[in-house]
Amino acid sequence: MHAKNRLSTSGNSSPSPPASPLRRRSSSTAKPYSSATARRSLLRRFAWIVLSILVRRQGVFLFAPLLYISTMCFYMGNVQFDASTVPFVVYNNYNYYNKPASMAIGSVYRSPELYAKLRHDMDVDNSTADAFSYFDSSGCSLAGVQLNSLLGELIARGCRYALKQSRGLFHAKYQPYGKRAKVGDWRPCINKSSGGLPESNGYIYVEANGGLNQQRTSICNAVAVAGYLNATLVIPNFHFHSIWRDPSKFSDIYDEEFFVKALENDVRVVDTIPGYLMERFDRNMSNVFNFKIKAWAPIGYYRDTVLPRLLEEKVIRISPFANRLSFDAPPAVQRLRCLANYEALRFSNPILSIGETLVARMKERSANNGGKYISVHLRFEEDMVAFSCCVYDGGRRELEDMVAARERGWKGKFTKPGRVLQPGVNRINGKCPLTPLEVGLMLRGMGFDRSTSIYLASGQIYDPQKYMAPLLEMFPLLQTKEMLASAEELAPYKNYSSRMAAIDYTVCLHSEVFVTTQGGNFPHFLLGHRRYLFSGHAKTIRPDKRKLALYFDNPNIGWRTFKRHMLGMRAHSDSKGVELKRPNDSVYSFPCPNCMCHTNRTEDSKASAAQ
């Protein structure tokens, strides 16, 4: 009897067919079945299984971008496409790119050498003309280069679909970033109180230290703490710092009347403490009890420790106040932060006026790009270079300038016994400020050509005659506030670093794309502010400086390979443009979802039809 089939499709058992007789094949006629063939067959079957599951669950287009990113990381880190690229080797006394161990990667500033090598190929590359539509056309196909398998095709097709749904940076037709099919957009939705405020528990006076945006952090956190404790906030005092050397007051930078009005139903804000209370302290603010609060203190600390003292004294002082409130806070606290940062804080009328004037002039000079321009925040001022402890040309003048700048700004900090400066380690760890030349190479590699209009937001560049020349060669339409405005227009702000930074902030805020080259409060606040303005998308390029250090250190890299890496870096920045705030993220960089609401397109269309 034949064995019965256990998997019947009809419900009735039926006999199994007889087994085929085994045939002995001679060694001369048998076909070899290699392990490589078996692996290929197994991979193909696995790919088909994954594809069928994803298609049934309609998740292929969620999974494909992940495969795309993984593949890009693999190719960027392990595979070189140009024959001119030298392998990444470590052998005996030779280190990276066949350099002696004494010439370890990052120990020498080699970007000028790379620029000299790539300049000709960069100038004759006509493909940069398609840069603005790159994400819609070829950006995705890079993941599938030389991947002729079913999985490679899946990645390429899925990624193309995903990127069509995303917002491409600087699109050729300059389509608004807010256009996303079926997904909806983010919109500002900060709820404001409408009722009156209960009786105040006392007055809180804070000293905001640091530069423009560190002071901004202090202001917004002070609003949140005062509102949470039902206290009256005194207009924050700006602490004079030896680095920024700006004596500006709150009303010199921000519209104080607008600030008070915008918060009137949520937090009481006054200019001064009543005289009858100050008499208890001999009208001397230094006699008021000062809380020394640890950095990133939870809001519970203010409730349990600060509030009892406030109720007792009626006036307390917190100095310094920068970064004295945890990013992770209850929704009520985050709402007040959102309200202060995105709605209540507005630059004073003089700063707002000149900022808007420069925005208009940039748009006029960007007529060839439909009035669109990109802004670049460049941190290559002398104090920034000195603080980084990085070496560039390595000459005697640079050495003397950096030693003097460190002693002037941070006396004794870098000359303590045992302190070792490691410029090569700093560079490979992405801690060295990018030079103007490196920024230019990066942007040209990302597809922005000579016709791109650039606004450069920066302080006084170190040795500008030397370091700015290559950037101007690559981008002749580059502008700064000093180039856009006359000396007379800038005169009221010239000696005030925070006011000058506020002008840069305004012009960068309204650019089509913002490029940050260094960490800090300036790009972090712009990142969030631009998300708040552009339907949740930052439209910001944040390069990976560790990878850049590797590319800039290899003078043998070819233009095609370099450009491929830069385009991948640009695509990664765009993919990270829309991000939700995680518990320990700053609401000033990630306004979604605390400060913004997700809009459903279907609901919007129904509402429009009803009207």
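A nonpolar core here is a set of buried Ala, Val, Leu, Ile, Met, Phe, Trp, Tyr and Cys residues joined through side-chain atoms within 4.5 Å; buried means under 20% relative accessible area with a 1.4 Å probe, protein chains only. The model is predicted, so local features need pLDDT of at least 70 and side-chain atom pairs count only at pLDDT 80 or more, while totals for chains, interfaces and linings use all residues. Residues are numbered from 1 along each chain as its sequence is written, and side-chain values use heavy atoms, leaving out hydrogens and water.

Leaving aside neighbours within four places in sequence, Y254 is in contact (heavy atoms within 4.5 Å) with L212, R216, I219, F238, L345, R346, F347 and S348.

## A helix crossing

Helix 6 (residues 212-228) and helix 21 (residues 497-509) have axes that come within 9 Å and cross at roughly 85°. Helix 6 is therefore roughly perpendicular to helix 21, a label covering angles of 65 to 115 degrees. L212, N213, Q215 and R216 of helix 6 meet S498, A501, A502 and Y505 of helix 21.

## A strand covered on both faces

Which residues of strand 10 (residues 374-377) are buried on each side? I374 and V376 are buried on one side, S375 and H377 on the other.

Strand 10 runs parallel to strand 11 (residues 454-457), joined by four bridges, with L456 as the bridge partner of V376. Strand 10 also pairs with strand 12 (residues 513-516) in the parallel sense over four bridges; there, T516 partners H377. Pairing requires at least two DSSP bridges between two strands.

Methods: Axes are lines fitted to C-alpha atoms, for helices over the stretch in contact, and angles run from 0 to 180 degrees between N-to-C directions. Helices (H or I, at least four residues) and strands (E, at least two) are DSSP runs, numbered from the N terminus. Angles under 35 degrees count as roughly parallel, over 145 as roughly antiparallel, 65 to 115 as roughly perpendicular and the rest as oblique. Buried means under 20% relative accessible area, exposed over 50%, partly exposed in between (1.4 Å probe, protein chains only).
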